Amino acid sequence: QAELVESGGGSVQDGGSLRLSCTGSERFFRFYNLGWFRQAPGKEREFVATTRWNGDAYYADSVKGRFTISRESAENTLYLQMTKLKPEDTGVYYCAAAPAGTGYTSSSAWGQGTQVTVSA
């Protein structure tokens, strides 16, 4: 059973918006960094955004100003609000959790992914 479960993906047109959700174990919403990654067809998985356990948020340059990451600890849910979507944002989006002070690796907790498709 996956420790993290994403939802909210779908198909939108260029310029549209989507909000992704990721729910998981309560422990991930304590002293863990939480992040979003994506993988486009034929490409490697890439970093999108992360929120550290202390609330600091960081974004890939390609999404800065368009995407917002947030966590709602009371709901054990991580969000990714995506606006002004572009076709190049298309891919499978994954959430991940890593203990504070560590990076995201294959040993981190990962969700199964949710598909986002943006059409021109």
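Mentor: Let us start with Thr77, which is buried because its relative accessible area is 6%, where buried means under 20%, exposed means over 50% and partly exposed lies in between, with a 1.4 Å probe and protein chains only as cover. This is a predicted model, in which local features need pLDDT of at least 70 and side-chain atom pairs count only at pLDDT 80 or more, whereas totals for chains, interfaces and linings use all residues. Residues are numbered from 1 along each chain as its sequence is written, and side-chain values use heavy atoms, with hydrogens and water left out.

Thr77 belongs to strand β8; strands here are DSSP runs of E with at least two residues, helices are runs of H or I with at least four, and both are numbered from the N terminus. Setting aside residues up to four places away in sequence, Thr77 touches Ser21, Cys22 and Thr23, as well as Phe29, Ser70, Arg71 and Glu72, a contact being heavy atoms within 4.5 Å. Thr77 and Phe28 are 49 residues apart along the chain, and 9.5 Å separates their C-alpha atoms.

On one side of the strand, Asn76 lies in the loop between β7 and β8, and although Asn76 is not a glycine, its phi is positive, at about 50 degrees. Lys84 counts as exposed because its relative accessibility is 55%. Leu85 is found in the loop between β8 and β9 as well, but Leu85 has 0% relative accessibility and so counts as buried. Beyond its neighbours within four places in sequence, Leu85 is in contact with the residues Val12, Gln13, Asp14, Gly15, Gly16, Ser17 and Leu18, and also with Arg66, Phe67 and Val118. For the pair Leu85 and Leu18, a sequence gap of 67 residues goes with a C-alpha to C-alpha distance of 8.2 Å.

The contacts of Tyr93, not counting residues up to four places away, include Leu80 and Met82, together with Trp36, Leu20, Val48 and Phe67.

For the chain as a whole, the secondary structure comes to 0 helices and 11 strands. The radius of gyration, taken over C-alpha atoms, is 13 Å, close to the 14 Å that the globule rule gives for 120 residues, so the protein is as compact as a globular protein of that length; the rule is 2.2 Å times the number of residues to the power 0.38. The C-alpha trace spans about 40 × 25 × 25 Å along its principal axes, and 41% of the 120 residues count as buried. Among contacts with a separation of 6 or more, 56% come from residues 24 or more positions apart.
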